[in-house]
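Here are a few notes to read alongside the model. Have a look at it first, then go through the points in order.

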Amino acid sequence: MKLVVGIGLTGLSCIRYLVARGEKVAAIDSRAAPPELDQLKREFPEVPYTVGGFESPLWSQAAELVVSPGVSLQEPAIAQCIRAGVPAIGDVELFARVVQKPVIAITGSNGKTTVTSLVGKMVAEAGFAVEVCGNIGQPVLTAIDKPLPDFYVAELSSFQLETTDSLQPLTAVVLNVCQDHMDRYDSYEDYYQAKRRVYHGCRYPIVNADEPEIWRDIPFSQSPLAFSLRPLDSGFCLREHNGEYFLALGEQLLLPVKEMQFTQQYEFQNALAALALGTAAGLPMNAMLETLRRFSGLPHRCQAVGEFGGIRWYNDSKGTNVGATIAALLSLGAAKSGRLFLIAGGDAKKADLSSLLEPVTRFADQLILLGKDAPQLQNLFAGKLPIARVTSMQEAVNFAAHSARPGDIVLLSPACASMDMFRNYAHRGEVFVQAIKDYFSKEATR
Ligand code: UMA
């Protein structure tokens, strides 16, 4: 019997996939009410399951574990099975074993959803059929049961890569690495090594020339194609010409950055990485550049909510780690004229938050803290800038709306995961936007 660990999006997709192929399956989840339990009961009443803990006789009956990304392989029950010789794989490994079309694989600490989405659009613009899948939201095993595309574009998290051995992507990238998920890894090195697994068996590796420590010692079979924010002799880069910045391939200027809706360095990095991946996949340059001209970014990623009460509000709920929040601060902070109010906090996933100190004190004028790790942030910034502690998003927005003046900016960029207070980062972003609207609609009727 195959034991599917986790009854969320991934777990359900694994059960569907395995049952359809005649496998004997059981499921387990430590949560009392995992999100897809009702669906599991409706669709597969014959599948045995345990919820509300990992105590179960199912472990001893398992010939293989299929572990969801949200569950650590170090869970004692799982570790014990692995020690007893029971293989533990993930949904991406099942996908990798049967996938019939080239996979473009994207990982990194930040920007991976944007790059995945961009490359998906480039493939479509070039006239090919594409399935965009993985960490971005559609499980890979849901994608594999759809009509066969020409390419799969897969966003892969370090958790998914940990349980994957046979992927062999056509082209793959680790965009960048900063501290994240330290609640799941024993060290930064372990996290880093998990990310690098994306290059296993990869035909055309794409590398970030500005972070050579990620890939320098990997014995690639093909020399990698690089991207960089500095000029490169070959590879995709940012180049200045007559006072204007261009995306370029070596010396060849491709696109003035002003023709894109991207304005920030980290966004240019995403554009360059997408060009490199698309080139490795054989996409025509024109289609890729046209996609870059049109792409207007993703929701919850430093997204302008609008101007309310003369204050500009930004939703960067997807800023779930330190690197993302620093990028948001650099981008908005550098251009600000008034003050910047930063709403932060949530589950810091045991990350070292100290690298926030310099950019936050440089760009933010007021901190508004909420969530599980607000005390940790408060300790870090005590005496450095004014801090307000709140217990809900509405309270955070009310405080900002009361204290900010026309011309100021309010940025939600938590540097933390959302699950301590919200379903996910999208839910947190929606609650933020709704709280702004509620506050200002009440103001209007006053
Ligand atoms: N959980 C338990 N006990 C269990 C199983 C899960 O407590 O027995 C908890 C986990 O700790 C986690 C949550 O439940 O907090 C969800 O875990 P899951 O593995 O069931 O998640 P899925 O619903 O299958 O969603 C996963 C990805 N989530 C995670 O890796 C946490 C989704 O990425 C992804 O879109 C989906 O598979 C399809 O591939 C989301 C995410 O937050 C966006 N990813 C992290 C990130 O981007 O930082 C890695």
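1. A term to start with: a helix crossing is called left-handed if the near helix is turned anticlockwise from the far one by less than a right angle, and right-handed if clockwise. Helices here are DSSP runs (H or I, at least four residues), numbered from the N terminus.

2. Some ground rules. This is a predicted model, where local features need pLDDT of at least 70, side-chain atom pairs count only at pLDDT 80 or more, and totals for chains, interfaces and linings use all residues. Residues are numbered from 1 along each chain as its sequence is written, and side-chain values use heavy atoms, with hydrogens and water left out.

3. Now look at α15 (residues 393-403) and α16 (residues 425-445): their axes come within 9 Å and cross at roughly 50°. Axes are lines fitted to C-alpha atoms, for helices over the stretch in contact, and angles run from 0 to 180 degrees between N-to-C directions. That angle makes α15 oblique to α16, and their crossing is right-handed. (Under 35 degrees counts as roughly parallel, over 145 as roughly antiparallel, 65 to 115 as roughly perpendicular, and the rest as oblique.)

4. Another pair to check is α6 (residues 112-125) with α11 (residues 285-294), packed at an angle of about 130° with axes 8 Å apart. The crossing of α6 and α11 is right-handed too.

Key: Helices (H or I, at least four residues) and strands (E, at least two) are DSSP runs, numbered from the N terminus.
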